Amino acid sequence: MSQSLVLLLALAAVASASNVVDLTTENFDNVVTGDKYVFVEFYAPWCGHCKNLAPAYEQVGDAFSSEKDVIIAKVDADSDRELGTRFGVSGFPTLKFFEKSTDASDYNGGRTADDIVNFVNGKAGTRARVKKEASNVVDLDPSNYDAIALNTDKDVLVEFYAPWCGHCKSLAPVYEKVGAAFKGESNCVVAKVDADAHRSLGEKYGVSGFPTLKFFPKNNKDGEDYNEGRSEEDFISFLNKKCGAKRVSGGGLSPEAGLVEELNELAARFMKEEDARDDIIAEATKVADGQEDVKMATYYVKIMEKVKSKGSEFPTTESSRLERMAGKVSDKKADEFAVRRNILSQFA
């Protein structure tokens with residue numbers, strides 16, 4: 001690579017803070033010299049399809065940022081019409097590939113980041129991969145759809161989307177937050193499927209527009225239309241009701257999580273009626289043994305026994321201890337601590 005080309009690419013990268021090189025009439029022939037693989041998007045700033053492609057195209061640039069023989073570039077062919085005319089651009093975006101040549105070939109493949117990266121890899125012999133951010137939303141495709149969405153042990157909310165869909169893009173950050181809220185619920189799954197790439201799945205469930213949301217509860221794997229609101233709070237409220245969960249935004253548990261009303265009443269009595277504590281412990285033990293989550297229900301009884309041996313300040317001091325430890329343990333343990341603190345709060 002010539003020193004002048006290195007300088008041109010460096011200046012372009014600094015100017016745009018991007019791994020996609022901006023090309024103009026002034027630098028095009030210094031970059032597309034025929035000794036590298038160059039993938040170029042000809043776009044217009046006002047073009048809706050170009051705006052939809054932009055995030056994926058940035059991912060493509062990032063994927064090839066360390067490949068010396070591959071350049072991912074773009075041309076504003078609305079302001080630089082000379083280049084657009086030179087390469088026969090008549091619509092936006094137009095994608096072209098220069099395979100170690102100054103002559104371009106049209107790219108007519110898919111427009112996801114993976115589609116473009118796989119195409120360039122096949123031509124250049126590279127092994128670049130799209131760098132994807134960790135997500136709490138499960139990606140579904142024909143290989144795993146049945147095992148997850150149709151699993152009768154799981155309640156599953158599925159978004160059928162298309163990468164080019166504007167409404168889907170708007171929903172994406174909200175949906176990601178919903179996934180984060182339920183990441184601690186192994187049987188309450190937030191998922192999505194690219195129904196444009198996997199049309200057979202969309203057709204199977206009657207998807208005719210994007211995004212389409214369907215809920216697949218444990219007892220109905222034919223699926224149910226989700227017609228509630230699309231705010232984070234709406235989704236969380238819906239899934240808490242359907243999954244029997246007590247989640248809040250951010251993935252924590254609500255103050256009601258783990259509480260048993262009958263045991264709450266016994267806890268209040270226990271703190272007030274010191275002479276009846278042994279009888280209350282016996283009654284609480286019977287109630288706890290009949291609960292679905294016996295382990296956490298039994299924690300009411302353990303607190304009662306600790307209060308008897310250590311005094312009435314135990315619930316307060318123990319709650320403070322658990323709060324201090326919460327940020328130093330696993331998510332699963334943090335959930336357990338949250339439920340314990342909820343129960344401890346009933347011994348005020």
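This is a tour of one predicted model, stop by stop, with what to select and what is found there.

**Stop 1: the whole chain**

Show the whole chain as a cartoon. It contains 14 helices and ten strands. The C-alpha trace spans about 95 × 45 × 35 Å along its principal axes. The radius of gyration of the chain is 29 Å, whereas a compact globule of 348 residues would have one near 20 Å.

Next, colour the residues by accessibility. Of the 348 residues in the chain, 43% are buried. Contacts can be sorted by how far apart the partners lie in sequence. Among contacts between residues at least 6 apart, 68% join residues at least 24 apart.

**Stop 2: the largest pocket**

Rolling a probe the size of a water molecule over the atoms shows where empty space is left. The largest pocket in this model has a volume of about 1,600 Å³. Select Q59, K132, Y161, P163 and K192, which are the closest to its centre among the 42 residues that line it.

Which elements each supply at least two residues of this lining? They are the helices α3 (48-63), α5 (113-124) and α7 (166-181), together with the strands β6 (138-140), β7 (155-161) and β8 (188-194). Select α3 on its own: this helix gives the largest share of the lining, seven residues. Then colour the lining of the largest pocket by class, which gives 20 nonpolar, six polar and 16 charged residues.

**Stop 3: the second largest pocket**

Move on to the second largest pocket, with a volume of about 930 Å³. Its lining has 27 residues, and those closest to the centre are E185, G244, D293, M296 and V339. Two helices to select here are α12 (294-310) and α14 (331-344), each of which supplies at least two lining residues. Of the elements, α14 gives the most to this lining, with four residues. Coloured by class, the lining of the second largest pocket shows ten nonpolar, six polar and eleven charged residues.

**Stop 4: the disulfide**

How many disulfides does the structure hold? There is one. Select C188 and C243 and show their side chains: their sulfur atoms are 2.1 Å apart. The link of C188 and C243 is right-handed, with 65° about the S-S bond. C188 lies in strand β8 and C243 in helix α9 (residues 232-243), so the pair ties together parts that are 55 residues apart in sequence.

Are these two cysteines buried or exposed? A residue counts as buried under 20% relative accessible area. C188 is buried because its relative accessibility is 3%, and C243 is buried too, at 19%.

C47 is buried at 4% relative accessibility, and C50 is buried at 5%.

**Stop 5: K242 and its contacts**

From C243, step to K242, found in helix α9. K242 has 39% relative accessibility and counts as partly exposed. Leaving aside residues up to four places away in sequence, K242 touches D155, F215 and E224.

**Stop 6**

Select H167, in helix α7. H167 is exposed, with a relative accessible area of 60%. Which residues does H167 touch, not counting those up to four places away in sequence? The answer is F210 and P211. H167 and F210 are 43 residues apart along the chain, and their C-alpha atoms are separated by 7.3 Å.

Stay on F210 and P211 and look at the backbone. A cis peptide bond joins them, with omega about -10°. P211 sits in the loop between α8 (199-204) and β9 (212-216).

**Stop 7: another cis bond and a positive phi**

Now select F92 and P93. These residues are also joined by a cis peptide bond, with omega about -10°. P93 is in the loop between α4 (81-86) and β4 (94-99).

Follow the chain through β4 to K100, in the loop between β4 and β5 (105-106). The phi of K100 is near 50°, a positive value in a residue other than glycine. At 38% relative accessibility, K100 is partly exposed.

Conventions
Residues are numbered from 1 along each chain as its sequence is written. This is a predicted model: local features need pLDDT of at least 70, side-chain atom pairs count only at pLDDT 80 or more; totals for chains, interfaces and linings use all residues. Side-chain values use heavy atoms; hydrogens and water are left out. On a 1 Å grid over the protein atoms alone, a cavity is a set of points where a 1.4 Å probe fits but cannot get out, and a pocket is an open set with protein on both sides within 12 Å along at least five of seven lines; lining residues have an atom within 4 Å of a point. Grid points are joined across faces, edges and corners, and a volume is the space filled by probe spheres set on the points. Ala, Val, Leu, Ile, Met, Phe, Trp, Tyr, Cys and Pro count as nonpolar, Asp, Glu, Lys and Arg as charged, and the others, Gly among them, as polar. A disulfide is a pair of cysteine sulfur atoms within 2.5 Å. Buried means under 20% relative accessible area, exposed over 50%, partly exposed in between (1.4 Å probe, protein chains only). The radius of gyration is taken over C-alpha atoms; the globule rule is 2.2 Å times the number of residues to the power 0.38. Contact means heavy atoms within 4.5 Å.
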